[in-house]
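Me: Please take a close look at one part of this model. Then lead me on from there to whatever else stands out.

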Amino acid sequence: MTAIYEIAQLGADILRQIAEPITDVHSPETRDMIIALQTTLATSQGVGLAAPQIGLSKRLIIVASRPTTRYPDAPLMEPTVMINPSYEILSGEQEKDWEGCLSIPSIRALVPRYLRILIRYTNQHGGPVESEQEGFIARIFQHEIDHLDGKVYLDRVVDTRDIVAESEYFKRLRD
Ligand code: ZN
């Protein structure tokens with residue numbers, strides 16, 4: 001199964017549902033979901049993707065920070081599959097920075113996120129992982145977890161003037 005999935009767009013019910021935990025990491029269904037998510041992300045300009053975005057209401061995300069045309073300043077990391085992810089806040093400090101979402105095209109907004117978090121997840125081999133993250137990767141992680149809880153980043157925007165068209169965002173980047 002190497003199908004590229006269509007990405008659910010804002011307004012789709014699946015983006016507002018609470019995703020179910022994955023109970024069997026080694027099942028063929030889980031394997032297939034991981035491949036579907038990896039394949040779909042690889043063909044997009046995204047730096048992360050959550051299973052609900054491809055129509056699967058399961059607690060599975062990929063975080064794949066890399067510089068792209070959408071995020072030219074993103075740090076480079078191996079695309080990482082995270083099953084049943086969660087996080088703990090290490091510092092109450094939040095910072096606003098730009099986010100976008102493949103499910104909400106053509107829009108960018110300033111979103112407050114925790115700067116330092118402790119993330120926990122099961123990797124695709126079934127092993128537990130715990131690591132401290134900060135900055136942009138911590139931001140992607142919080143964004144993707146929101147997708148598992150039926151939230152999108154626009155729900156976190158504190159001032160509607162922090163929402164801009166993507167074309168304006170790219171103009172600001174050039175300045
Ligand atoms: Zn998103």
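Reply: Exposed means over 50% relative accessible area, buried means under 20%, and partly exposed is in between (1.4 Å probe, protein chains only). The model is predicted: local features need pLDDT of at least 70, side-chain atom pairs count only at pLDDT 80 or more, and totals for chains, interfaces and linings use all residues. Residues are numbered from 1 along each chain as its sequence is written, and side-chain values use heavy atoms, with hydrogens and water left out.

Now the buried side. In α1, Thr-30, Met-33, Ile-34, Ala-36, Leu-37, Thr-40 and Leu-41 are buried. They sit on the same side of α1, because they cover an arc of only 160° around the axis. That arc is taken from the directions from the helix axis to the C-beta atoms. An α-helix has 3.6 residues a turn, so residues three or four places apart point the same way. The cover over the buried residues of α1 includes β1 (48-50), β2 and β3. Helices (H or I, at least four residues) and strands (E, at least two) are DSSP runs, numbered from the N terminus.

Helix α1 runs over residues 28-42, which is 15 residues. At 1.5 Å a residue it should span 21 Å, and its end C-alpha atoms are 21 Å apart, which agrees. The expected span is 1.5 Å times one less than the number of residues.

Next, the metal site. Cys-101 (SG), His-143 (NE2) and His-147 (NE2) are the protein donors of the zinc ion, at 2.0 to 2.3 Å. Donors are N, O and S atoms within 2.8 Å of the metal (3.2 Å for Na, K and Ca); water is not among the atoms, so sites may look incomplete. Along the chain, the donors follow the spacing C-x41-H-x3-H. Cys-101 is in strand β4 (residues 94-101) and His-147 in helix α2 (residues 135-148), so the pair links distant parts of the chain, 46 residues apart. Cys-101 counts as buried, at 3% relative accessibility. His-147 is buried as well, at 1%.

Helix α2 also holds Arg-139. Arg-139 counts as buried, at 5% relative accessibility. Beyond its neighbours within four places in sequence, its contacts (heavy atoms within 4.5 Å) include Glu-95, Trp-98 and Arg-113.

Rings come next. Four aromatic pairs are counted. Rings of Phe, Tyr and Trp (its six-membered ring) pair if their centres lie within 6.5 Å; planes under 30 degrees apart count as stacked, over 60 as edge-to-face and the rest as tilted. One of the pairs is Tyr-71 with Phe-136, tilted, at 5.6 Å centre to centre and 55° between the planes. Tyr-71 lies in the loop between β2 (60-63) and β3 (80-89) and Phe-136 in helix α2, so this pair ties together parts 65 residues apart in sequence. Tyr-71 is buried, at 7%. Tyr-169 and Phe-170 pair edge-to-face, at 5.4 Å and 65°. Tyr-169 counts as buried, at 6%, while Phe-170 is partly exposed, at 25%. Together with Trp-98, Tyr-169 and Phe-170 form one aromatic cluster.
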